[in-house]
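Subject: Structure for your files

Hello,

Here is the structure I said I would pass on.

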Amino acid sequence: MKSASSDRILSLIMAGGASETLGALTEARAEPALHIGGKFRLIDFPLSNLTNSELYNIGVLTQYMPRSLNDHIGVGKPWDLDRATGGVRLLQPYMGGMWGGWQSGNADAVRRNLDFIRNQGATDVLILAGDHMYLMDYRPMLRQHMERGSEATVGTRHITSPHDAFRYGMLVSDQEQRLLAFEEKPGRSRRSMSSMGIYVFDVNALADALISHPELNDFGRDVIPWFLERKARIHTYEYKGYWADVGTVQAYWEANMGLIADEPALNLYNRQWVVRTRSETQAAARIEPDSDVSDSLVSNGCRVGGTVRHSVLSPGVVVETGARVTNSVVLRNVHIGADAVVDRCVIDDDTVIGAGALVGHGEDEAPNRQLPDVLNTGLTLIGLDSHVPPGYKIGRNVQVHSRTGADGFPSEGEVVSGDIVGRDPRRRGEPTGV
């Protein structure tokens, strides 16, 4: 039986691509770099879980627009990962080498870093997604993996709605937690157990599979079914705590709103399991005399002179006198002008909402005409570094692309529900990193 000693475990965080179902929020950043809960980024959760689990040998595999992620992680000091031995390493993608071309999936990204994995001397590798929000001690899962001599262990959780099955790998295991069946992202499923995208692999078993079978490019779609078909020793480990995949605009908004519920789904105030982040140096939040703030998260550097209800304000947000923000997630350094009204919106970094503008306005909730599967619940999404003109009206289920200036809005003074404003900056050839 192998030991579950932390020096035998290498942890890899998959921090790769964009998400089309997050719309403008990933036009300029990788999903794990997305701000959440006011002061945090999504990558903070797996990094903090690892260090709280006393796992200090970590690689972060990046791919899509990694600049802000690289700047945020740096040498890992906020997570006590600036170490001479172990610590955190940023593993950047590359072309060529013995595998040629560009990487084509999360398992292929690991394949291209097998030399790094083997150089660490680890017996087992813990693989995590960089875009999930949860608090988990990984040590019980690792102990089970070692005690059972597993070649692979899949972290699992129950889902309550069959309509969510299309987003996850759905599976069946027996009373001994042996994996019996696995189906990646089915349209519908009667199964209620889903994969969390958390895996533990025996290093030799994983390396042999990836080297011998270059067609295995994705863990959920290819690797786990391949292990299962060959009757490998593969088990499941059920996690019963809160876990959120925020891979859609709606899920992202709900995860933020969950943090300000009467009984928050995730306890960010537990001093025994602290979520660490790279904090910006800003003054304390200022709540001005005529303001009205309730049921909200207000981060450092904010200045509130208006009304804020059931909303999350990230660092540096300004809400001017007479402005009203309700049921919204407002990211860094957004300026909301006097007498503006913002309702059921997600507003990305450095955006200006002009005085008297109405954003998330009216009763019409027609789905977005270009993104009907992404924006259909009444949420309006304003991309980063945009400027909504003073007095402008924007309906519901609207997407404003990143870096849309005031002159990029229609001259009529209104954007109707379900419309789109501006163009994706990636297709305009503009700078994209944030």
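Where the two sheet strands pair, His-335 stands opposite Val-352 in β26. The pairing in question joins β23 (residues 335-336) to β26 (residues 352-353), in the parallel sense and over 2 bridges. Please keep in mind that this is a predicted model.

Both strands belong to an open sheet of 6 strands with parallel pairing, in the order β14-β17-β20-β23-β26-β29. At its edges are β14 (286-287) and β29 (387-388), each of which pairs on one side only. As background, strands of a sheet pair through backbone hydrogen bonds.

On the cysteines: a search of the whole structure finds 0 disulfides. Cys-302 counts as buried because its relative accessibility is 2%, and Cys-345 is buried at a relative accessible area of 0%.

On the core: the largest nonpolar core has 36 residues, and those with the most contacts inside it are Leu-12, Val-110, Ile-127, Phe-201 and Phe-227. Helix α6 (residues 203-212) gives the most to this core, with 6 residues. Leaving aside residues up to four places away in sequence, Phe-201 touches a set of residues including Ile-127, Leu-206, Phe-219, Val-223 and Phe-227.

Regards

Definitions and conventions
Residues numbered from 1 in each chain as written. Predicted model: local features only at pLDDT ≥ 70, side-chain atom pairs only at ≥ 80, totals over all residues. Heavy atoms only, no water. Pairing = 2+ DSSP bridges. Helix = DSSP H or I, 4+ residues; strand = E, 2+ residues; numbered from the N terminus. Disulfide = S-S within 2.5 Å. Buried < 20%, exposed > 50% of the residue type's maximum accessible area, 1.4 Å probe, protein only. Core = buried A, V, L, I, M, F, W, Y, C linked by side-chain atoms within 4.5 Å. Contact = heavy atoms within 4.5 Å.
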